Structures are given as structure tokens and as C-alpha cells.
Protein chains: 2
Amino acid sequence: MTTAQRPTLEAVARRAGVSRATVSRVVNGSTTVAEPIREAVRRAVAELGYVPNLAARSLVTQRTDSIALVMPEAATRVFSDDQVFPGIIRGAAQELEAADKQLVLMLAGSPGGHERVERYTTGRHVDGVLFASLHGADPLPGRLARLGIPVVCSGRPLGDEDVPYVDVDHVGGVSRAVRHLIDGGRRRIATIAGPQDMVAGIERLTGYRETVVAAGLAEMIALGDFTRESGAAATRQILAEHPDVDAIFAASDLMAHAALRTLREAGRRVPDDVAVIGFDDIETAAYTEPPLTTVRQPIQEIGRQMTRQLLRLAAGEPIEPAVILPTELVVRESA
Amino acid sequence: MTTAQRPTLEAVARRAGVSRATVSRVVNGSTTVAEPIREAVRRAVAELGYVPNLAARSLVTQRTDSIALVMPEAATRVFSDDQVFPGIIRGAAQELEAADKQLVLMLAGSPGGHERVERYTTGRHVDGVLFASLHGADPLPGRLARLGIPVVCSGRPLGDEDVPYVDVDHVGGVSRAVRHLIDGGRRRIATIAGPQDMVAGIERLTGYRETVVAAGLAEMIALGDFTRESGAAATRQILAEHPDVDAIFAASDLMAHAALRTLREAGRRVPDDVAVIGFDDIETAAYTEPPLTTVRQPIQEIGRQMTRQLLRLAAGEPIEPAVILPTELVVRESA
DNA sequence: TTGTACGCGTTATCAC
DNA sequence: GTGATAACGCGTACAA
């Protein structure tokens, strides 16, 4: 391997005929440097192709200029096609690019992975940590927060953690969806709920129950885990238990997609016999048969907001403990 | 912010009653330490919750224990639901976890982003760089390779770059798909090609042309960019120019998906009137109407292989210049 | 087998 | 405004 010696501050200093300190000042944009010298340093930097050694810098500044994005990697969902995690990644990456910081991606799926994440983050190898929707009550965010390490979660953390988070208005969105079904004359409205160890699953079910109960209708609930497979199974269960169902609200588009197909296989027409509404508004939603009516959540914006909050936190600025983004009902043909 | 002073090697050494050097040796798994002392150090490390300072370590070792994964972020595709990039990310993350290295994700979409990637990678802030399918002939991989920085690309790099890469057998997969159509009695076989500035787009078109020509059939080509929108437009173009088309091979599942819908809108039945085959085997493929026959590529495996090659390279081991993974025709109902 | 001492490339605190 | 100089925390020859 070529050991192309990188130029150091020292080399630049020699070349520009100044001291290391001055070069450092110029590189870091200090204003207390005379313009001619500043210019000479600039030239030397360019000529030598000098790039600061981040390790050395971070050794003294105690900053790493990088933040970690931790994902649970629930085998089926994280990188399935629901685009939730890719969306968060992208939003975070955009904000970080603007701040010139690096994004370190960590999957905490395996037990070993979680241990690794813990070691790395508590070891202060990053300036802050972003947690993408967790399963259950993970104690790590709270622990990091108590260590004084900036943390922001996507989705209200379960448990009594006092960790800032960014989430969407699940209940409001679901409520709008269910009322849309009711307004359309549906009365036998079932739901395919998400996993009840995730905030998104819990809150979407809450939205369904509150709205249905308020309308004096019966609750019909089948549990899924956001995946298509679980959606298909839940749909079959609903059809078996409630043959007269005339609408289904699924807590994810993937489950709604499976419901569409399972209903068709069962001879039910959508939306004529059974109306279907999903949640997410993934790209596929516009291409299902029929196109899916769904609750849109601004996924990428979640990633951006999380990152913005984290950067503020890392800069020592105060932030609000929760940021709730709006959801929106997108009406297509399935309901 | 709490300034919880982290314990240093020095602190551990005092606690264990040995020198810093010995602690360092134990931490780094040197075998030349007597068992009793080793044990004492272990205990001190545990009691103090010592975690090595990566910045300090990398300052002296010249390694960063992190590698960069660079994605082009072609706005539409990177984080759309084709799962290619998420799949690569996941595969890479798995391999890196085993090697206890970090994954730094960089999006090179914007001009500024590309400049940033260049600055960061040439600055040797990572031990190696993974490039996910590039557009056009990006000079960066070659430049990094010449600087002696380990680089691996997904997809043969365009241009005369001599950079190691991992790719799938595009031509073989497409050839099998087209022959499947021919075997099914199709004679008017069109293709919706991918972007011709990406290797995947180029090679899949090559596979189509070679096979169609070898069978003495006419070429019917419409250009897309892997997205659904482009697939719909291309399908309309094909129907307009070749009303007698009886099969379409699309270079991506997303385009195939759009073709399915566009054909239906045009009153063509699939597969009765027109057979359709895609490429990728994304999750949605099994749920389209009708379920999509497609060429499966082992996306996650690409990420894993790239990473393995890169780690070998970084370890100074020799690697083969190209790794080609097999593709497989998955027959469902659309052809 | 263990300890001493030096250097990795920066930033920051001083004098000047 | 500029330049010495001392950390920052660690790995590793080299000596013992």
C-alpha cells in the first residue's frame, strides 16, 4: 500500500513561512490573522493538498464531528420496502451534510450489535446519537442521556425515559382515516394493528379505538407486525371472525397491501365490498390494485428534524422535549 | 452538559497497579502478559468502565477502524423502494459488525456532497471506501485507488478505472429471462432499458440485445431510468410504436411494475396478451397484479462481498479484481 | 514479562 | 497579530 505521507500542519507552516498555530487559526477560520498571511497560508494549504487529521483534532477538541444513527434492524422491517428507515437515513444525511458532520450507521439488531452500539456510544466516539423507532423499552437512550450524551429518538420512547423525540401525529392521522371510512357509510370497520411493543403500533391502534368507540361502532382488531405476511394473516382472521366487515384500516401500507390481495382472493371487491386504508404512503401505495388510500407521514422530515434537534442539543442549546409532525390523509381509490 | 471524565489508560493502570503499557497490551489482546496481571487489569477496566479513546488510538495506529459507504443518491432511486441501496447497506453493516468496524454513510448526490466525499476520503479519515453503483465515469474511485486507499465498487466502474468491484451476472440473468419468453412462444419482445450511464443499465440492455438477436427476433427498445414513472412512459412508447408487442423485459422491477399497470390501462392482459419480466426481485414483486416474474439479484450479498473484499484489501491481502454473483430467474405469473 | 519514553497532529494558553 | 509550548490519550520500540 502506498504510504503517501499526508502533509501536516507543520509542513504547511514551513511552506507558508509561519508557525503551526497560525496555520491552525486560518484553517479554523479565526479572524485574528492578517489578510496577507492568511492568503499565504491558504495557498500553501492548496499546494500541499493539506487536509486536517480528524483524529488529532478530536483528541484535543473532545468532539468527533460525527453522530450515530442507530436502527433496531427488526429483521423483516428495517430494510424491507416500507422506506421508513431509508427515509430517516436520508433526512439525517441531508441535515448532517449541511453541518459538515459524518453519519455513522449502526444496526442494533443482534444482541452483539446492541452491545456494540452501547460500547461505542457510551464511549463518546460520537457527538450524539439518533435512535430510529425502538422496540420495547430500550434503556440505552435514557442511559446515554444521563451520561450527558445528546440523544434524540424517533417516536416517543416507551418506558419512563425522559429523552427528547420526534414523532408524527399517529392518532390524528388514524382518526381522520377512520372518520373518512365512517363518512363513506362504513359501519363494520376493522383494524390490522401494528406490533404493540412499538409506539407507532400502539398509537395507531389507540387512534382507531378512540374514533370507532366515539362513533358508537364495534371494535374489530387483528394484530400484525407491519409486514405483508402478517397483514395477510390478519386479514384472513378478520374475514373469518367478522364476515360482514366493510372496511379495514391497516397500521402500515405493507399490511394494507396484503389486505388488498387477500380480500381479492377471498372474492371481496375493494372498495365496493370492503374499503381499505393504510398508513405510511410508501411509493408502492400509488401502484397497488386499486391504488391505496393512506395516511401519509413525512418520513424524511422526521430524519431531518431529529438531526436538527440533536445538533442543537450538542451545541448546548435548549430544545423542546417533543416535536410532532403532521400526518395527512391521501385519498386514492381503495376507500 | 455533564463532563463525566472518562477513565484513561493511565487511570486503569493506577488502579491495577501496573503501567499504562501493560494495560494497553491487555486491552489489545497481546499474549505477552502474565495471567494474574491480565486478570487484574481486566477487573480494573470493568470497574472503571474504561473504553479506549478511538481518536487517540487512531492518531498513533494510523487506522480509523471505519469505512465509508458512498452512494450516488440519484434523487429518485437511491431511497425509493427498490431496496438496492438499503440491501447493500445492510450487507455491508453485517460484515463490518463482524470486523468491529464502523460504517460511515455518505451521500454524494449534490455537487457539494461529492466534493465533501472527496475531501473526506482522500483525507484518509476512513480505512477504505465502498462505492455503490455509480453514474457515469466518476474519477474518484480511481483516484483513491491510486492514492493507495482501499476501494471497492458495486458494479464494474465505467471508464478505464482499474478498481476492484463486485457485480452480478446481468447478462446471464437477462438472457435467461428473454429465453424464457421465447420458450413461451413470444416473438415480439420489447425491453425497457435502464439508464445508459450506469453499468446495470448498459449490461441488462446488452443481455437483451444479444439474446433477441441470437433468436432472430427484432429489437424493440425504450429507455427508462429504473423508476416507475419512466417505466410507465416507456411502456406507452412501446405500445405506440409496436402495437403487436407480446412481451416486455424491464430492466428493473419498478419499471416492470409500472408496465403491468400501464398495460392493464391500455386493455392488455398480462400475461395473456403481453408477458412481463422484471429485474431485481424486490419484495413488491410477489405482490403485483399479477405477481411478477423477475430476475433475482442477491443485493445484500453484494454488500457483504464488497465489504469482505475491502477488508482484505485494507489488510494488505491480495484480492481478485472482480467478483461476479449469480442471478436467478424467479418465475411467477406475469410471464 | 514488564516499564520507560517518545511521538502521532491538533488546538489552546500563554507570552511577546 | 503571532509564535512557542503544553496537553489530548494511546501504541510501541527499546531497555530492563
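A helix crossing is left-handed if the near helix is turned anticlockwise from the far one by less than a right angle, and right-handed if clockwise. By this criterion, H5(A) and H12(A) cross in a right-handed sense. This is a predicted model, in which local features need pLDDT of at least 70 and side-chain atom pairs count only at pLDDT 80 or more, while totals for chains, interfaces and linings use all residues. Residues are numbered from 1 along each chain as its sequence is written, chains are lettered from A in the order in which they are written, and side-chain values use heavy atoms, without hydrogens or water.

**Helix packing in chain A**
- The axes (lines fitted to C-alpha atoms over the stretch in contact) of H5 (residues 84-99) and H12 (residues 299-314) of chain A come within 7 Å and cross at roughly 40 degrees.
- The contact (heavy atoms within 4.5 Å) includes A:Gly87 and A:Gly91 of H5(A) and A:Gly303 and A:Thr307 of H12(A).

- Among the 27 residues around DNA strand C (a heavy atom within 4 Å), A:Leu9, A:Ser24, B:Thr22, B:Ala34 and B:Ile37 come nearest.
- Sugar and phosphate make up 64% of the atoms of DNA strand C that come within 4 Å of the protein.
- H4(A) provides the largest share of this surface, 5 residues.

**Phosphate contacts of DNA strand C**
- A side-chain N or O atom of A:Asn28 is 3.0 Å from a phosphate oxygen of DNA strand C.
- For A:Tyr50, a polar side-chain atom lies 2.6 Å from a phosphate oxygen of DNA strand C.
- In chain B, a polar backbone atom of B:Ala34 is 2.6 Å from a phosphate oxygen of DNA strand C.

Notes:
Axes are lines fitted to C-alpha atoms, for helices over the stretch in contact, and angles run from 0 to 180 degrees between N-to-C directions. Helices (H or I, at least four residues) and strands (E, at least two) are DSSP runs, numbered from the N terminus. A polar contact is a pair of N or O atoms within 3.5 Å; within protein, one must be able to donate a hydrogen and the other to accept it, and residues adjacent in sequence count only if both atoms are side-chain atoms.
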